[in-house]
Amino acid sequence: MDTAALKHTWSLAETLGDEVPLFFYSHLFYTHPELRAMFPVAMATQRDRLVGALGRIVSNVDQLDEVTAFIQQLGRDHRRFEVVAEHYDAVGLSLLTTLKHFLGELWTPELAADWAAAYGVIATAMVQAAEESELSSPPSWAGHVIGVDRRSMDIAIVHVRPEPDLAFEPGQSFAVETPYTPRMWRYYSPANAPRADGTIEFHVQLVPGGQVSGAVARRLKVGDVLRLGSAVGQELTLDEADRGRDLVMVAGGTGLAPLRSHLERIDLQWQATGDAPRVHLFHGARVPWNLYEHRLLQSLAGRPWFDYTPVVSDDPSYPGRKGLVSDAVAETGVIPGALAMVCGSQSMVQYTASRLRDLGVPSPDIRFELFARLEDDHERRDPQSPQLAEQPMGSAR
């Protein structure tokens, strides 16, 4: 398989803009009209998510070993769409037809065979993972809303009780569908560690024009039922070897949520054993009232293992540290040998990672959501915080 040719031809396809996804969806819905119901009624925000994610993943099939767990998670998670093996065939055929149409003479029999083989590898991994998960879990969970707390003009904290219990690790995310925006899914990270009562806390920021965030922040009420997908993501989780390491956490807006879940777990560990790694959290927001967990974090700062630095960028009257949260990290410095965890918009993550590398933090010790590396998103929790907007097979970003 000529993986260099896969990468090159996909890079050519990406330069064509909206023409590629328009052709792809036209072909997919014409040849398989039954699949149209899996997508939102309005496709404007869908644009190139599916075909873009597919192209990037398939053309990088030579790196499959690095993202096998992620691909398998996608397969399990896509059960909520009632996706079956035949649907993967339909999507794959439309992808290949689209590439053939736009690549013209470059679409040789050899290249066609390589694209087909690479897509088959990815699709098989996803289907096998989905089939295995059918033995132990439902395709989706009912998330009963038991509390909605409007923390500021544009931030809501939602408390949910899934049925049945929904397993996850701090740092993972769930796809969420509201009753007010059917077939529109957004990824939200629990802001808590797994609890004995199974409840989950989501932090949602209202985004201008964001249909899902608007529904959650403005309309969601106690008694509503969300639909939740399985837990996905591994970049912001900590394995056993990492759990004893000191941590530097950098969050923008409601990107605080997955980091807060780790703080809850660490605090429970400290209360039970008296042992905890050192943690320094930097939380950035545009305006002071969007430091929505300030009181909790200030209280937690009384712990011997925890330091907290709030940063506000757009209010010159703010009495605390002002500017970009990334610059505050650089000015303060990091705990020597610490693992860095970053959650924010793609630009914030990139800039923060650069500043951390300048401070001597090795790249492997800088963790952030895999989603933020693979797909740009069109609806976010906050200008500094990523929020995945996904439809079938579009969750890689």
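In this predicted model, begin by selecting Pro190, which counts as buried because its relative accessibility is 2%, where the cut-off for buried is under 20%. Pro190 lies in the loop between β4 (185-188) and β5 (200-205). If you then display the contacts of Pro190, leaving aside neighbours within four places in sequence, you will find Ala257 among them, together with others including Phe168, Phe174, Ile200, Phe202 and Pro258.

Next, select helix α2 (residues 19-31) and helix α5 (residues 85-103), whose axes come within 9 Å and cross at roughly 135°, which means that α2 is oblique to α5. The contact involves residues of α2 including Phe23, Phe24 and Leu28, and residues of α5 including Val91, Leu95 and Phe102. By class, nine nonpolar, six polar and one charged residues make up this contact of α2 with α5. The crossing of the helices α2 and α5 is right-handed.

Then turn to the largest nonpolar core, which has 42 residues, and colour Leu28, Ile71, Leu99, Trp107, Trp115, Tyr119 and Ile122, the residues that touch the most other members. Among the elements that each supply at least two residues of this core are α1 (3-14), α4 (64-77) and β4, while the largest share, 10 residues, comes from α6. Centre the view on Ile122, which touches Ile57, Val58, Val61, Leu64 and Ile71, not counting residues up to four places away in sequence. Finally, select Met249, Ala251, Leu259 and Leu297, which are included in a second, separate core of 22 residues.

How values were computed: Residues are numbered from 1 along each chain as its sequence is written. This is a predicted model: local features need pLDDT of at least 70, side-chain atom pairs count only at pLDDT 80 or more; totals for chains, interfaces and linings use all residues. Side-chain values use heavy atoms; hydrogens and water are left out. Helices (H or I, at least four residues) and strands (E, at least two) are DSSP runs, numbered from the N terminus. Buried means under 20% relative accessible area, exposed over 50%, partly exposed in between (1.4 Å probe, protein chains only). Contact means heavy atoms within 4.5 Å. Axes are lines fitted to C-alpha atoms, for helices over the stretch in contact, and angles run from 0 to 180 degrees between N-to-C directions. Angles under 35 degrees count as roughly parallel, over 145 as roughly antiparallel, 65 to 115 as roughly perpendicular and the rest as oblique. A crossing is left-handed if the near helix is turned anticlockwise from the far one by less than a right angle, and right-handed if clockwise. Ala, Val, Leu, Ile, Met, Phe, Trp, Tyr, Cys and Pro count as nonpolar, Asp, Glu, Lys and Arg as charged, and the others, Gly among them, as polar. A nonpolar core is a set of buried Ala, Val, Leu, Ile, Met, Phe, Trp, Tyr and Cys residues joined through side-chain atoms within 4.5 Å.
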